[in-house]
Amino acid sequence: MIIPAPAKINLTLRILGKRPDGFHELESLMQMVGLADTLTIDDADTLIFTCSEPALESEKNLVVRAARAILSRLESPQGARIHLEKTIPAQAGLGGGSSDAAAALLALNEFWELRLPQDELINIAASLGSDVPFFLDGPTAIARGRGERLESIFHNTICHLVIAKPTAGLPTPEVYARLNAPKLPHPLSEEQPETAAMLRAIAKKDPELIAQALVNDLEGPALSLLPELFPLREKMIEAGCLGVLLSGSGSAMLGICPDDKTAARAAIALRNDFPFTWGGPWIATR
Ligand code: C5P
């Protein structure tokens, strides 16, 4: 069984405050993109995990943790050989590890014919990381809470992007810690105006409006931690992007392009200076 594990970008990300549990309450419009890792699952007597990047081949990998979380719920033992082919860079704000974990949950549920209900998969996913539940469904959703409460958004707008990253990554907890967000006295549930503006821009299928509606409260802290992001942003604008934004907690930046040719040309232009660049469309329907 071969399944893709797509990356995500955050088209909007508003941080509403710091919660008593230490996480930040947020609202974010999340969107899957064509960039993806690949999971391959075959028969085996025990759980065997291999990865194209040997440094990631450990019990700590979210794929292994996802598989073990499922196994702990079963009465009879199961085995599988899981190979993860990495394409999505780590510490990039593209949700690579989270997507791999969600793909493993979905794939093993099918491979072992378990028929675990979606609710249970969501609970396991949320225990693995704030972004993991999004990858069980997608391709577009508003995430709330710490990222695990999801409202699916249906649209058929295609948008072409370029994604690029400096060599250094950014650890998510460090970026959040720089925010100094105010303590949140109570949960907030009203839709943020920035989310509404982005949804209108997507509905109008207008890349110019989508570029104008980009917002990410983690961008300031990320720029102060990693100044290489400033020249990256400049080069992306020079390469034809209508708007550029940090994805999640970085260090990848996404650029909205007017069309597919601009996205392809921008990716080639940026590749000389930035080792990871990707150009292509987001995923409109699954
Ligand atoms: O849930 P996940 O493991 O992805 O979170 C990694 C870290 O990012 C957390 O330990 C926390 O420091 C920060 N975080 C946060 N608020 C969120 C999501 C993540 O403070 N909503």
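A polar side-chain atom of His24 lies 2.7 Å from an oxygen atom of the ligand, a polar contact being a pair of N or O atoms within 3.5 Å. This is a predicted model, in which local features need pLDDT of at least 70 and side-chain atom pairs count only at pLDDT 80 or more, while totals for chains, interfaces and linings use all residues. Residues are numbered from 1 along each chain as its sequence is written, and side-chain values use heavy atoms, with hydrogens and water left out.

**Contacts of the ligand**
- Ser130 also places a polar side-chain atom 2.5 Å from an oxygen atom of the ligand, whereas Arg146 has a backbone N or O atom 2.9 Å from a nitrogen atom of the ligand.
- The ligand, taken alone, exposes 460 Å², of which the protein buries 71%, with accessible areas coming from the Shrake-Rupley method with a 1.4 Å probe.

**The shell around the ligand**
- The residues around the ligand (near means a heavy atom within 4 Å) include Gly22, Phe23, Gly129 and Tyr176.
- Strand S2 (24-42) and helix H4 (172-177) each supply at least two residues of this shell, and the largest share, 3 residues, comes from H4; helices (H or I, at least four residues) and strands (E, at least two) are DSSP runs, numbered from the N terminus.

**The protein as a whole**
- The protein has 9 helices and 11 strands.
- Its radius of gyration, taken over C-alpha atoms, is 19 Å, close to the 19 Å that the globule rule (2.2 Å times the number of residues to the power 0.38) gives for 286 residues, so the protein is as compact as a globular protein of that length.

How values were computed. A polar contact is a pair of N or O atoms within 3.5 Å; within protein, one must be able to donate a hydrogen and the other to accept it, and residues adjacent in sequence count only if both atoms are side-chain atoms.
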